[in-house]
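Biologist: Hi, could you walk me through this one? I'm new to reading structures.

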Protein chains: 2
Amino acid sequence: MTEQLSTTDLSTQDGSIPAPPDFAGFLAQLAPDLPAHCILTKVEQTRVYECDGLSLYRSLPPVVLLPENEAQVIAIMRACQTFNIPIVARGSGTGLSGGAMPHAQGVLVGLAKLNRIVRVDPLACVAVVQPGVRNLAISEAVAPLGLYYAPDPSSQIACSIGGNVAENSGGVHCLKYGLTVHNVMRVRVVTIEGEVLELGGEAPDSPGLNLLAAFIGSEGMLGLVTEVTVRLIPKPELAQVVMASFLSVEAAGQAVTEVIAGGIIPAGLELMDKRSVHMVEPFVRAGYDLEAEAILLCESDGTPEEVREEITRIEAIFKKVGASRLQVSNSETERLLFWAGRKNAFPAAGRISPDYYCMDGTIPRRHLGQVLRAIEAMEEEYGLRCANVFHAGDGNLHPLILFDANVADEVERAEAFGAAILELCVEVGGTITGEHGVGIEKINQMCYQFKREELDAFSAFKRAFDPYGLLNPEKLIPTLVRCAEHGKMHIHHGELSFPDLPRF
Amino acid sequence: MTEQLSTTDLSTQDGSIPAPPDFAGFLAQLAPDLPAHCILTKVEQTRVYECDGLSLYRSLPPVVLLPENEAQVIAIMRACQTFNIPIVARGSGTGLSGGAMPHAQGVLVGLAKLNRIVRVDPLACVAVVQPGVRNLAISEAVAPLGLYYAPDPSSQIACSIGGNVAENSGGVHCLKYGLTVHNVMRVRVVTIEGEVLELGGEAPDSPGLNLLAAFIGSEGMLGLVTEVTVRLIPKPELAQVVMASFLSVEAAGQAVTEVIAGGIIPAGLELMDKRSVHMVEPFVRAGYDLEAEAILLCESDGTPEEVREEITRIEAIFKKVGASRLQVSNSETERLLFWAGRKNAFPAAGRISPDYYCMDGTIPRRHLGQVLRAIEAMEEEYGLRCANVFHAGDGNLHPLILFDANVADEVERAEAFGAAILELCVEVGGTITGEHGVGIEKINQMCYQFKREELDAFSAFKRAFDPYGLLNPEKLIPTLVRCAEHGKMHIHHGELSFPDLPRF
């Protein structure tokens, strides 16, 4: 793992180790533009920034900068370019793929102080916010207008909209309402040159090249975002959840496939396996069925007429594929209770295991049952337990690998287990991310997901915006050298095959 | 106009005129890979390709190539790179902004023969098609499965999915179901180097940089598409249209705003002004109200319960803002008749005017009424009539400027009128395209829409994929020299002002 982080884009042409950056000169240039209280350099101040939500990977940043306005962000970018200093941006630090893990020779730029809601336009259903605004704070601010911001990552109390943009975050309701990329209309970006761009717009189409979508999910590799225009949607009049038990994960998977194939797009469609249910129920007491091999939570929202009609159709499908128990939430309190179990799956894991590692991959829905069986087999292979909570409607898996970091080699086994799950996702035609991004965590799997020409295209795009390679280096896009070392290049179109992986 | 087309990206560094490309050498290199029947060089063969749907602009292509498979596309790209020959791609040639207008020293690559539906997956609701497949042919092929492809440009009988990808095409139903960019999940692309990339995927999120969205709407500037994976959606059980008359365009505009602000997203929401209604009604006999200053067509689709409930809410809003007449389609025949008028607005224009020029811009919905008034004032100024049909729910305008090309200076006045409408769109916070793309038509207005840094970002991205500048040169992204000559740079953030434009 340490070895994983040792390569650097800053290495000199002849491979010799470059001189450390001139932080003194850098801070002197920055002094007129950035007040002293926005600059942290003491270890007791910077320690808190050494990792994000993926605490397996840490790196102490030599300098942390906390700008309070766009002019300061511009000054930082210009100074970094002058002194050739890498920049890693950070929102609230809740990311799960290490996208905000600092660079050992760079600055960490925290955008949490840019936390103003600039403008709300209730007629156009749009809000303009700074990147440090918390995801949930947007919905809270516009609730009196009957509106909300749809993407709802589990960390939504804490995570920032800037971080959501960087990682293209999702959430329980993204099946119906889309990911961050579908709910952001415009971003204001500062480039490494210190120039300000506005990408996208409030109109449905935008002339020129669509660079907005490329910025969303670009993990701080292309520029720093200083303003985000989000789409607001009217709060549905009613939402109800069907909770259904199944006697096999295959049956639950079949139910998911049939709901979607039936033309229903539920507001949420989540699957929890028996281990998750048993992990969560004693903690949350959500009334989950402990006999079930898998439960589904399927939400319908809209007008009361729409919800009634959709729930009837969902129940019919669940019965047809053999649900052993069915329950519809009969109040808002009960609906929230049903969800509370799902939303607390991660903390609940902490009650039964000292550590857990949350993976994130996506598969075609039709393979849900088979992939769950394959993960079960991997539990044996790696000698670790795994609890599964899925955004099943999206085919987005979140296996929670349970381990104890104090037991010899369990960290390594957890990582290997996680990597095997991601490679299985690619094998069945899926991808190595659902909503957590690539960051540092999945950079090796990028070699597995993409072929050389596709990685080249990413690099070319990255260079067009960051010719100096200063923005979040060593994340997201692996070098070909790394891929060669990792020993895995592209099986995506059957050009190579890995006979040690299960095939479907 | 001729002067507009005379600049060339192929000019030599010192400004001297470059030697014409070596087409003989080029065709000799290509001969082993591309059969003779796929190569057109005689004027009587190539004449038909000299323009697309924007027939105001024409340029005879020296060579037309009609590849039949991806290997031939790769061979063409490699040969073009070797001989430094510009490439313009063409689908069915129905585009309205001149995106497929040939280059006078380049090859025109028609992709119409790549017209196979490769695969349909009814469970995943996905179809994989070649770029030459017609838009409507996809829906026809999957109709027996109860599915369809949502974006429906008026040219959908003829236009190709490849062209739709190039222009990010829309249509009447895009308000609810999105533009091409929202309905395409993956494209297979051949780069100028002859390499094959797959961008995007069937999963909701895709790791790495989102280059898929940047390719959609890139007007053939980044690569040639050889395969498109589209999302299919279940055909709604029922669709009904409310047709409403209003005594002023402002009232109709207000009705549009209130529908959207009320949280209703109709399947279509179209506005026609009095001139359009009078132009269309004698031709189609759709039963349009000739007394109205504007009519709205508002479609609801879904289950019968959903439609009933939504129609009730729409009618209530229309009544509240003063609709003078309301009618709900009571059969599928009547629904199609209501739409027939709207869909035939362009051909109907041909009955009352020798020529017409269809513009395409987008504005915030709240300015609908005011912009219609401003266009009325422009009719006086330019001495030409204009009929207005709008995708009102999107704020997407399609003014039809009526003129006679045989009358001295009417072409120039029509162009100037069109340009003034586009600049007005930007002025009120909108954009210069809705769904027709930029092409050659709106390249000067790009100077007006974007500032230097933003145009630089487009150019940098373009160069990353096409360092030789061979893919559809002189379209979409204006050079800064062009912008300086056009005399208009960016008013978008109020940095410059143009006092001769009306202000809101």
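**Sheets, contacts and one loop**

Modeller: Strand E2 (residues 63-65) of chain A and strand E4 (residues 107-110) of chain A pair in the parallel sense over three bridges. Two strands pair if DSSP finds at least two bridges between them. Strands (E, at least two residues) and helices (H or I, at least four) are DSSP runs, numbered from the N terminus.

Biologist: And what stands opposite Val63(A)?

Modeller: That's Val107(A), in E4(A). Before we go on: this is a predicted model, where local features need pLDDT of at least 70 and side-chain atom pairs count only at pLDDT 80 or more, while totals for chains, interfaces and linings use all residues. Residues are numbered from 1 along each chain as its sequence is written, chains are lettered from A and ligands numbered from 1 in the order in which they are written, and side-chain values use heavy atoms, with hydrogens and water left out.

Biologist: Got it. In what order do the strands of that open sheet in chain A come?

Modeller: The order is E1-E2-E4-E3, four strands with mixed pairing. Strand E1 (39-40) and strand E3 (87-90) of chain A each have a single partner strand, so one side of each has no neighbour in the sheet.

Biologist: Which helix lies across E1, E2 and E4 of chain A?

Modeller: Helix H1 (residues 23-30) of chain A does, running at about 20° to E2(A). Angles go from 0 to 180 degrees between N-to-C directions, with axes fitted as lines to C-alpha atoms, for helices over the stretch in contact.

Biologist: What about chain B, how many strands are in its open sheet?

Modeller: Four, in the order E1-E2-E4-E3, again with mixed pairing. E3(B) and strand E4 (residues 107-110) of chain B pair in the parallel sense over four bridges, and Ala89(B) stands opposite Val109(B) in E4(B).

Biologist: Switching topic: how many residues does each chain put into the contact?

Modeller: Chain A gives 62 residues and chain B gives 62 residues. Contact means heavy atoms within 4.5 Å.

Biologist: And how much area do chain A and chain B bury between them?

Modeller: About 5,200 Å², with 64% of it on carbon and sulfur atoms. Buried area is the accessible area (1.4 Å probe) that two parts lose on being put together, summed over both. In chain A, Asp205(A), Pro207(A) and Leu209(A) lose the most area to chain B, together 14% of what that side buries.

Biologist: How many salt bridges are there between the chains?

Modeller: Four between chain A and chain B. A salt bridge here is a side-chain nitrogen of Lys or Arg within 4 Å of a carboxyl oxygen of Asp or Glu. One of them joins Asp121(A) and Arg366(B), whose closest N and O atoms are 3.4 Å apart.

Biologist: What does Glu453(B) touch?

Modeller: Leaving out residues up to four places away in sequence, Glu453(B) touches Glu195(A), Val196(A) and Leu197(A). Glu453(B) sits in helix H18 (residues 452-465) of chain B.

Biologist: Last one: where is Asp404(B)?

Modeller: Asp404(B) is in the loop between strand E19 (396-403) and helix H16 (410-427) of chain B. Not counting residues up to four places away in sequence, Asp404(B) touches Pro354(B), Asp355(B) and Glu410(B). The C-alpha atoms of Asp404(B) and Gly91(B) are separated by 29 Å, with the two residues 313 residues apart along the chain.
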